[in-house]
Structure formats: structure tokens, C-alpha cells
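Work through the exercises below with the model in view, and try each task before you read its solution.

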Amino acid sequence: MIKDLLPRQVVCTEKDPKGKSCHGGLKRYHPFASYYNEPDPVLLGEIKQEFPEDEKLILLKCETCQTVYRLPEVLKEKFQQVG
Ligand SMILES: [Zn+2]
């Protein structure tokens with residue numbers, strides 16, 4: 001699943017079937033980089049449908065439930081300047 005990161009969001013807001021928020025930590029994630037290929041083919045397919053296969057593509061991924069988040073434009077620029 002791919003969700004939009006909300007302004008100032010720092011933890012995962014995905015809810016479990018009981019309605020409890022995940023609150024997992026979000027890590028920077030490069031789905032197409034050679035050192036970090038996405039192991040889940042379903043999720044990778046979903047990412048490929050939406051984004052070009054650029055190894056510099058940066059998304060965020062929840063460490064707990066593996067939900068992927070799109071970066072807002074502002075944050076995207078900030079991350080690309082850093083690295
Ligand atoms: Zn999560």
C-alpha cells in the first residue's frame with residue numbers, strides 16, 4: 001500500500017483491523033536502488049505503476065507494517081539536497 005505522508009507526520013498512521021494506529025517508525029527507502037531492492041513483488045509492482053524506475057527515488061517505509069509513504073514535495077527536495 002502507498003499512502004501520502006501528511007505534514008509533520010513522523011510515525012505511521014496506518015490502522016490495524018481493530019482501528020489501532022501502527023505508530024511504527026518511518027525510514028527512508030529507495031525501492032529501485034541496487035542495494036535496496038524491494039523484496040515484495042506485489043508492493044514493487046504497485047510502486048512501478050506510480051513512479052519511474054529511478055534508483056534515486058526516495059520514499060518512506062514503515063518499519064513495523066511495511067506501508068510505503070510518498071514524500072511531500074518540500075521533503076523530497078530536502079532529501080535530494082542532502083544526499
Ligand atoms: Zn506502520
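**Exercise 1. Decide whether Arg8 is buried, partly exposed or exposed.**

Solution. Begin with the count for Arg8, which has 5 other C-beta atoms within 10 Å. Next, apply the cut-offs: a residue is buried if 20 or more other C-beta atoms, placed from the backbone, lie within 10 Å of its own, exposed if 12 or fewer, and partly exposed in between. Arg8 is therefore exposed.

Before going on, note that this is a predicted model, in which local features need pLDDT of at least 70, side-chain atom pairs count only at pLDDT 80 or more, and totals for chains, interfaces and linings use all residues. Residues are numbered from 1 along each chain as its sequence is written.

**Exercise 2. Locate Arg8 and describe its phi.**

Solution. Arg8 lies in the loop between strand 1 (2-4) and strand 2 (26-29), where strands are DSSP runs of E with at least two residues, helices are runs of H or I with at least four, and both are numbered from the N terminus. The phi of Arg8 is near 65 degrees, a positive value in a residue other than glycine. Most residues other than glycine have a negative phi.

**Exercise 3. Carry out the steps for His23.**

Solution. His23 has 13 other C-beta atoms within 10 Å, so it is partly exposed. His23 is placed in the loop between strand 1 and strand 2, and its phi, near 60 degrees, is positive although the residue is not glycine.

**Exercise 4. Describe the order of helices and strands in the protein chain.**

Solution. The protein chain has two helices and four strands, and along the sequence they follow the pattern β-β-α-β-β-α.
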